[in-house]
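Follow along one element at a time.

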Protein chains: 2
Amino acid sequence: MKVLPEKTVERLSEYRRALIKCLDSGQTHIYSHQLAKLLNLTAVQVRRDLMFIGYSSLQRKGYDIKALVDLIVSILDAKEGLNIAVVGMGNLGTAITSYFTGKRSRLNIVAVFDIDQKTIGKAFNGIACYNISELKKMVQEKNIKIAILTVPPNVATQTANDLKEAGIAGILNFTTVPLHIGEQIYVEDYDMVTSIEKVAYFVKNK
Amino acid sequence: MKVLPEKTVERLSEYRRALIKCLDSGQTHIYSHQLAKLLNLTAVQVRRDLMFIGYSSLQRKGYDIKALVDLIVSILDAKEGLNIAVVGMGNLGTAITSYFTGKRSRLNIVAVFDIDQKTIGKAFNGIACYNISELKKMVQEKNIKIAILTVPPNVATQTANDLKEAGIAGILNFTTVPLHIGEQIYVEDYDMVTSIEKVAYFVKNK
């Protein structure tokens, strides 16, 4: 299969989460319009996305939820799992580590990093905090592929470059600094200021 | 002006932040291709967005940065400012309060809420934490328009309904639960799991 568009990947992730909830509550099948409603989408959008990944339901009962979840897992997840590091253990890094730990079995936070001597050596949700000077060594040792970047803005670019040099393949960027570090590394910006400004704009224009 | 599309609002917010940085470093004018580069966009996209808000530059030196920032401010910001509450003061609520406090002068966190007696009465970055039972009273008293929702998933829907009833107009939803609370209230989902799964997908497909 070709690499999917970003927005499709986002929706597949959301479908999966909604579908797993349905399974947990004992539901076995779901119609496109029901799944659409759970995610505030149109049924046409849902059907198009699922046809796009080669899933079509001829059953009167709707989609087989278990089969659909398995298909999404096979598309989104790396078979052997992916190892993640959180870089910058201030309030935000701490919160994110706590948020993700144990959430997704194939995405594992295996190390966290900081520059503060008081923080280095501590455990965060059972995960050891290393000195950022050990980044390259630990990335190789623990086969870390993804970094969640939560350092202060003034060191964001430098740290991103260090991550790139250490062999990281993708960054989830929680800083307010846009990163320009080339095509080899996938960067997803996670900008809280933009989100709250967006809410503010639509509240103002009600 | 008509209400702008969501993606345009997001980009305006990002333009503003980038432009303010340019101003801070002494730059007075900027070409569309320069602004585009700062945000990993095409120059055509930038020019289209700015024409859309009625800004065109006939100057050889490029856009006048100060004038452009002022225009974006007049479009995005509420004149009298907007008051915000953070609801749920766990790790994430604490981090977010610290992240936003003092960042944007027209978006002010004026109260935070929790249900835990140990947390109620404490101050977070100087902002008092109230019992969630006082939500309605405080929303009216402090004229709160926006809530940042950081409660556990099992109480997300109930709390969102409480926020709606209390008169909140917009929610930035940090829980993993999609909220279905009607059209009167603007909801922006801020889903960390989807973002990290997206990074993982593109890392896997490199």
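## A covered helix

In helix α5 of chain A, the buried residues are A:Leu92, A:Gly93, A:Ala95, A:Ile96, A:Thr97, A:Tyr99 and A:Phe100. That makes seven buried residues out of 10, and α5(A) is mostly covered. Please keep in mind that this is a predicted model.

## The sheet of chain A

Which order do the strands of the sheet follow? In chain A, seven strands form an open sheet in the order β5-β6-β4-β3-β7-β8-β9, and their pairing is mixed. At the edges lie β5 (123-124) and β9 (186-189) of chain A, each of which pairs on one side only. Helix α5 of chain A, residues 91-100, packs on this sheet and touches β3 (82-87), β4, β5, β6 and β7 (144-149) of the chain. The direction of α5(A) makes about 160 degrees with that of β4(A).

Inside the sheet, β4 (residues 107-114) and β6 (residues 127-131) of chain A pair in the parallel sense, with three bridges between them.

## Strand β4 in chain B

Is β4 of chain B enclosed or open to the outside? Six of the eight residues in this strand (residues 107-114) are buried, so the rest of the structure largely encloses β4(B).

Strand β3 of chain B, residues 82-87, pairs with β4(B) in the parallel sense over six bridges. Here B:Ala85 has B:Ala111 of β4(B) as its bridge partner. Strand β6 of chain B (residues 127-131) runs parallel to β4(B) and is joined to it by three bridges. In that pairing, the bridge partner of B:Phe113 is B:Tyr130 in β6(B).

## Two helices crossing within chain A

Helix α1 (residues 6-24) and helix α3 (residues 43-52) of chain A pack at an angle of about 100 degrees, and their axes are 11 Å apart. Angles of 65 to 115 degrees count as roughly perpendicular, and α1(A) and α3(A) are therefore roughly perpendicular to each other. From α1(A), the contact uses A:Thr8, A:Arg11 and A:Tyr15, while α3(A) brings A:Gln45, A:Val46, A:Asp49, A:Leu50 and A:Phe52. By type, the residues of this contact are four nonpolar, two polar and two charged.

## Where the chains meet

How are the two copies related? Chain B superposes on chain A by a rotation of 180 degrees with 0.0 Å of shift along the axis, at an RMSD of 0.0 Å. The copies are thus related as by a two-fold rotation axis. Both copies use the same surface, since 100% of the contact residues of chain B recur in chain A.

One meeting point pairs helix α4 (residues 65-76) of chain A with helix α8 (residues 192-204) of chain B, at an angle of about 60 degrees and with axes 9 Å apart. These two helices, α4(A) and α8(B), are therefore oblique to each other. Their contact joins A:Ser74, A:Ile75 and A:Leu76 to B:Glu197, B:Tyr201 and B:Lys204.

A:Glu6, in helix α1 of chain A, counts as partly exposed because its relative accessibility is 36%. Apart from neighbours within four places in sequence, A:Glu6 is in contact with A:Tyr186, A:Glu188, B:Lys198 and B:Phe202.

Technical notes
Residues are numbered from 1 along each chain as its sequence is written. Chains are lettered from A and ligands numbered from 1 in the order in which they are written. This is a predicted model: local features need pLDDT of at least 70, side-chain atom pairs count only at pLDDT 80 or more; totals for chains, interfaces and linings use all residues. Side-chain values use heavy atoms; hydrogens and water are left out. Copies are superposed by least squares on the C-alpha atoms of residues with pLDDT of at least 70 in both. Contact means heavy atoms within 4.5 Å. Two strands pair if DSSP finds at least two bridges between them. Helices (H or I, at least four residues) and strands (E, at least two) are DSSP runs, numbered from the N terminus. Axes are lines fitted to C-alpha atoms, for helices over the stretch in contact, and angles run from 0 to 180 degrees between N-to-C directions. Angles under 35 degrees count as roughly parallel, over 145 as roughly antiparallel, 65 to 115 as roughly perpendicular and the rest as oblique. Ala, Val, Leu, Ile, Met, Phe, Trp, Tyr, Cys and Pro count as nonpolar, Asp, Glu, Lys and Arg as charged, and the others, Gly among them, as polar. Buried means under 20% relative accessible area, exposed over 50%, partly exposed in between (1.4 Å probe, protein chains only).
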